[in-house]
Amino acid sequence: MPWDNSRMNIAGNLIADATRRIFRDLGDPQALNLARDESWRAPLWRALEDAGLTRAWVPENHGGAGASIAEGFEILRISGEFAVAVPLGETLIAGWAFARDGKKVPSGPLEVDLSTKDNALQLMGAAVRAMQMAGALQSMLDRSVAYAKERVAFERPIGGFQAVQHNLARLAGETAAALAAAGSAADAIATEPEFNDAVFLEVASAKIRVGEAAETGAAIAHQVHGAIGFSREHVLHRYTQRLWAWRDDFGSESQWAARLGAHVARNGADALWPALAAR
Amino acid sequence: MSPIHFDQIRLPRELQALREEVREFLRREAPGAASAPSSRAEYNAEFSRKVGAKGWIGMTWPRRYGGGERSFLERYVVTEEFRVANAPVALHFTADRQSGPILLKYAGEPLKQSILPRITRGECCFCIGMSEPGSGSDLFAAKTKATRVKNGASSGWKINGTKIWTSGAHHANYMIGLFRTSAPTKENRRHGLTQFLVDMSRPGIKVNPIEDMSGGKHFNEVVFEDLFIPDDHVLGDVDMAWKQATSELAYERSGPERFLETIQVLFALVRVLGEKPDLRGAEGLGRLVAQLHTLRRMSVSVNGMLQAGKEPVLEGSIVKDVGTIWEQALPHRARELAAFVEGSRKEFDAVVRHAATIAPKLTIQGGTTEVLRGIIARGLGLR
């Protein structure tokens, strides 16, 4: 029921708020960036676990949080905003897969083969990474806009220069495309009865388009930040490096594009528009 | 918090029946359009009348003016199917998308009753008089002058000046024109312009065609010499046109026509690559399909949010920016991907050639990329 967002709005907001609070308190990218060791890892993971977020997609009768597919994706989008290298995506997917197969879900952080050939796992994984990347791009846009407003050069904030404004407008366009594509793919998984052709079209498109947005988006974010954004001290590289890693997980945009293109070619020109219009 | 948001909106399933009806209509009434590249730009009175008879012009307008009181999502389905079929909508599309909604909001009752039903019947063509030889993107530099005149009983305005790049002026029954009624003020350089309804059959108007680079004669120079416009043809408040941007603007920026203008190229590419394209062809095709799917999902979402009473102004501008850049690049990407295809490629080459020839205007008409990016920057809080 794509029109009925009411449950998502009430329960979903609680989950989103909890996710954001935990990452803000224990996974702030700037704090992590300045930390000299990995001692932040355990408390962050424990908080996520205690809130039930790491078992979002495991039904309650299997000891999970029983969150909806849509709620799980919202958790992952927010985790992307913080670009923290914890295996939250993998753990959610693995929990979902164990529960699907009627198996007991092991405790602790879980792993998934990032180059799995299992169709459903691969689609879930690609959709998850697309959503995390979209969240990261949102944060990069926010940070870039904020920086352009405060950084002064040639006696005015650089955000006042048309060249910078237009670059940021392009970054907004890429971020918008990423959010729309990843959101649509997540929604398709949530609402379609199975991993069918429609889900394949949506997830492939999301992984491709978000991967492209990552390239353009990161380039602009760095350009706006100038040299400081290239420094170890500044937080921007955490986002850039997450994007570079995530875009390769569960199939790169080139791999998905070759599959999607072959699929479209096989079905022929007359089938293309009806397939798109049905989404 | 991030200023960009898309609600997950899909066209309701019950609109599938409407979509099938539109496809069936187009198969019957515009069978050759898809294979005739320039068909979309044709003024076809008979076709537009048939579209009107189906109730597909002014679909969202009140019934008392000939409208259908249907949703903007229903209109979306009709608009996208017409674009994909390359159907000849030039006669009625401007009135349907822009001029009608302006009249609905700003015209007096008698004008609405006389003109809107004719638009919905597909009998009334509109053009838009904005650009002038000295003012394009900078609308508020317009100089064409409207001077108050009083001749006994007939009080109104006298128009002198020149509009340019006016698409369809040679077919139009009416223009909605932007004329200068007083000087800009020190505080507000946008002050002093007024929107008028211009009856193109009146004396004092000369329409001079301008040939474009594709060989078409779609746009014109329109010269006004002492054209008289009666008082009741003023649309909205005198001097205040700058305030009259409406929510229609967001629909105008975010509709499917903002990325489907060269779509025939993609279909031709799938045909020319064949059932088993090489890896390079498949990979390139896959990217184009992913990009198109994403644009459409953005566009449907914006239209759904507008229908729900929200104001996705930033998202709407982004659809036009990203969409027009995409449709402009499409013929060139397709050309690269088909570069090594041998054998029968005549149809493909013709479609690409036409699309590449119209492509340069796509990021200029109805607001340039530069203007749009300025609007997006304002939405981000940078202006």
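Guide: The axis of a helix is a line fitted to its C-alpha atoms over the stretch in contact, and angles between axes run from 0 to 180 degrees between N-to-C directions. The model discussed here is predicted.

Visitor: At what angle do helix H6 and helix H9 of chain A pack?
Guide: In chain A, H6 covers residues 119-150 and H9 covers residues 236-248. Their axes lie 10 Å apart. The angle at which H6(A) and H9(A) pack is about 155°.

Visitor: Is H6(A) roughly parallel or roughly antiparallel to H9(A)?
Guide: The two helices pack at an angle of about 155°. Angles over 145 degrees count as roughly antiparallel. Therefore the relation of H6(A) to H9(A) is roughly antiparallel.

Visitor: Is the crossing of H6(A) past H9(A) left-handed or right-handed?
Guide: The angle of about 155° describes how the two helices pack, and the handedness of their crossing is a further description. The crossing in which H6(A) passes H9(A) is left-handed.

Visitor: Which residues of H9(A) make the contact with H6(A)?
Guide: From H6(A), the contact includes A:Arg129, A:Met133, A:Ala136 and A:Arg143. By class, the contact of the two helices has seven nonpolar, two polar and four charged residues. The residues from H9(A) are A:Leu236, A:Tyr239, A:Arg242, A:Leu243, A:Trp246 and A:Arg247.

Visitor: What radius of gyration does chain A have?
Guide: Chain A has eleven helices and two strands, and its C-alpha trace spans about 60 × 50 × 35 Å along the principal axes. For 279 residues, a compact globule would have a radius of gyration near 19 Å. The value for chain A agrees with this, for it is 19 Å.

Visitor: How far apart do the C-alpha centres of domain 1 and domain 2 of chain A lie?
Guide: The domain assignment of chain A gives domain 1 as residues 1-112 and domain 2 as residues 130-279. The C-alpha centres of domain 1 and domain 2 of chain A lie apart by 21 Å.

Visitor: Which element gives the largest share of the side of domain 1 of chain A that touches domain 2 of chain A?
Guide: Here 17 residues of domain 1 of chain A are in contact with 17 residues of domain 2 of chain A. On the domain 1 side, the elements that give two or more residues are helix H2 (29-34) and helix H4 (69-82) of chain A. By class, that side has nine nonpolar, six polar and two charged residues. The largest share, nine residues, comes from H4(A).

Visitor: What is the radius of gyration of chain B?
Guide: Chain B contains eleven helices and eight strands. The globule rule gives 21 Å for 383 residues, and the value for chain B is close to this, so chain B is as compact as a globular protein of that length. The radius of gyration of chain B is 22 Å.

Visitor: Which helix supplies the largest share of the side of domain 1 of chain B that touches domain 2 of chain B?
Guide: Chain B is divided into domain 1 (13-124), domain 2 (128-243) and domain 3 (248-379). The contact joins 13 residues of domain 1 of chain B to twelve residues of domain 2 of chain B. By class, the domain 1 side has nine nonpolar, four polar and no charged residues. Its largest share, seven residues, comes from helix H4 (residues 90-106) of chain B.

Visitor: Are H8(B) and H9(B) roughly parallel or roughly antiparallel to each other?
Guide: The axes of H8 (residues 279-307) and H9 (residues 313-337) of chain B come within 10 Å and cross at roughly 160°. H8(B) passes H9(B) in a left-handed crossing. Angles over 145 degrees count as roughly antiparallel. Therefore the relation of H8(B) and H9(B) is roughly antiparallel.

Visitor: How many nonpolar residues does the contact of H8(B) with H9(B) have?
Guide: Residues of H8(B) in this contact include B:Leu285, B:Leu288 and B:Met298, and residues of H9(B) include B:Val319, B:Trp326 and B:Leu330. The contact also has six polar and two charged residues. The number of nonpolar residues is ten.

Visitor: Which helix gives the largest share of the side of chain B that touches chain A?
Guide: In this interface, 46 residues of chain B are in contact with 46 residues of chain A. Helix H3 (72-84), helix H7 (264-273), H8, H9 and helix H11 (369-379) of chain B each supply at least two residues of the chain B side. The residues of that side divide into 21 nonpolar, twelve polar and 13 charged. The largest share, 18 residues, comes from H8(B).

Definitions and conventions: Residues numbered from 1 in each chain as written. Chains lettered and ligands numbered in written order. Predicted model: local features only at pLDDT ≥ 70, side-chain atom pairs only at ≥ 80, totals over all residues. Domains from an automatic or database assignment. Contact = placed C-beta atoms within 7 Å. Helix = DSSP H or I, 4+ residues; strand = E, 2+ residues; numbered from the N terminus. Nonpolar A, V, L, I, M, F, W, Y, C, P; charged D, E, K, R; others polar. Parallel < 35°, antiparallel > 145°, perpendicular 65-115°, else oblique. Left-handed = near helix turned anticlockwise from the far one by under 90°. Rg over C-alpha atoms; globule rule 2.2 N^0.38 Å.
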